[in-house]
Amino acid sequence: MQAVLSTLLDSFIVISHCNIKVLSDLQQGKLRVGKERGYMAQVFHHGPYFWASTPGLPPGAQHSWSWGPNPGFDTSSLVATAHPLPPIEGQTGVERRLAVTMIQSHRTAADSHFVHVFVRNVGSTPVGWYEIYISGIRH
Amino acid sequence: MRVLAMHDAQGNIHHIVVGPPDSPPAVVTAEPGLLVTEVEAPEEIADLDLSDPQSQRQLNEVLQNFRVEAQAEARLVRKASEAGY
């Protein structure tokens, strides 16, 4: 373990000064990694959540998806992606492009926890159908 | 399967959101004036497999041909129902 940490420490000095203190503490036994404390992070994946409308989400428009109160994400790091879907019949012949522009963690005055994911149409044509996935790693 | 319908006061559906049953429920912002109602999935999509591309066809059918009716419990009914909206 010490040898591994030494190698990591040497590598990270070049990559990022921010990690030096953490790795140095790990090396000296001041910090303990998760495995030593007897737990493992959990990976989770939710979806697809499906959105449909006619005529669809216009270019430049944005949706806010919200999970909560208290969806169990409060000790998690999260990632989300929205995928435009093919049309029901044939091909649209146009590009459709969506972006998750922001993920917010929100705690209310009553200490309820919400997560908000913002999906924006960054293309030039409406998006009538899309699906969104949210995934994360829970401490 | 969870089905959320964003609809106007007459029950006309503007957006529909479908989520997997074993995941935390999600809601989506709606335009001012729209209402959001969780509805019982109609028979047409009760057993929908969201990973199947054909599911879009069935959801589109619901989007085009159903409206929200909220009585004792919210549900989707055919637009040509006797309620006559």
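## The loop between S2 and S3 of chain A

Pro69(A) sits in the loop that links S2 to strand S3 (76-84) of chain A. The model is predicted. In it, the peptide bond from Gly68(A) to Pro69(A) is cis. Its omega is near 5°.

Asn70(A) is found in this loop between S2 and S3 as well. Asn70(A) is not a glycine, yet its phi is positive, about 55°. How many C-beta neighbours does Asn70(A) have inside 10 Å? The count is 13, so Asn70(A) is classed as partly exposed. A residue would need 20 or more to be called buried, and 12 or fewer to be called exposed.

## Other backbone features of chain A

Gly47(A) and Pro48(A) are joined by a cis peptide bond, with omega about 0°. Pro48(A) belongs to a strand, S1 (residues 42-57) of chain A.

Asp111(A) has a positive phi of about 70° and is not a glycine. This residue lies in the loop between strand S4 (98-107) and strand S5 (113-121) of chain A. Is Asp111(A) buried or exposed? It counts as exposed, because it has 8 C-beta neighbours inside 10 Å. For background, most residues other than glycine have a negative phi, and most peptide bonds are trans.

## Chain A as a whole

Chain A contains two helices and six strands. Along the sequence the pattern is α-α-β-β-β-β-β-β. The chain has 139 residues, of which 23% count as buried.

## Chain B as a whole

Chain B has one helix and six strands. From the N terminus, its elements run β-β-β-β-α-β-β. Of its 85 residues, 26% count as buried. Among contacts between residues at least 6 apart in sequence, 50% join residues at least 24 apart.

Arg2(B) gives a local view of this chain. Arg2(B) lies in strand S1 (residues 2-7) of chain B. It has 18 C-beta neighbours inside 10 Å and therefore counts as partly exposed. Which residues does Arg2(B) contact, leaving aside its neighbours within four places in sequence? They are Val18(B), Gly19(B), Pro21(B), Pro25(B) and Glu38(B). As for His14(B), it is twelve residues from Arg2(B) in sequence. The C-alpha atoms of Arg2(B) and His14(B) are 17 Å apart.

## Where the chains meet

The two chains touch through 19 residues of chain B and 19 residues of chain A. Which of them gives the most? It is S2(B), with six residues. By type, the residues on this side of chain B divide into eleven nonpolar, seven polar and one charged.

Strands pair across the two chains. Strand S2 (residues 62-67) of chain A is joined to S3(B) by three bridges. The two strands run antiparallel. Within this pairing topic, one residue pair can be named: Trp67(A) stands opposite Ala26(B) in S3(B).

## Confidence

How far does the predictor trust each chain? The mean pLDDT of chain A is 80, and 71% of its residues reach 70 or more. Residues 8-20 of chain A have pLDDT below 50. Beyond near neighbours in sequence, this stretch has eight contacts in the model. Where pLDDT is low, the predicted coordinates should not be read in detail.

For chain B the mean pLDDT is 81, and 89% of its residues reach 70 or more. For the complex, the predictor gives an ipTM of 0.76 and a pTM of 0.73.

Conventions
Residues are numbered from 1 along each chain as its sequence is written. Chains are lettered from A and ligands numbered from 1 in the order in which they are written. This is a predicted model: local features need pLDDT of at least 70, side-chain atom pairs count only at pLDDT 80 or more; totals for chains, interfaces and linings use all residues. Helices (H or I, at least four residues) and strands (E, at least two) are DSSP runs, numbered from the N terminus. Two residues are in contact if their C-beta atoms, placed from the backbone, lie within 7 Å. pLDDT is the predictor's confidence in each residue, from 0 to 100. Ala, Val, Leu, Ile, Met, Phe, Trp, Tyr, Cys and Pro count as nonpolar, Asp, Glu, Lys and Arg as charged, and the others, Gly among them, as polar. Two strands pair if DSSP finds at least two bridges between them.
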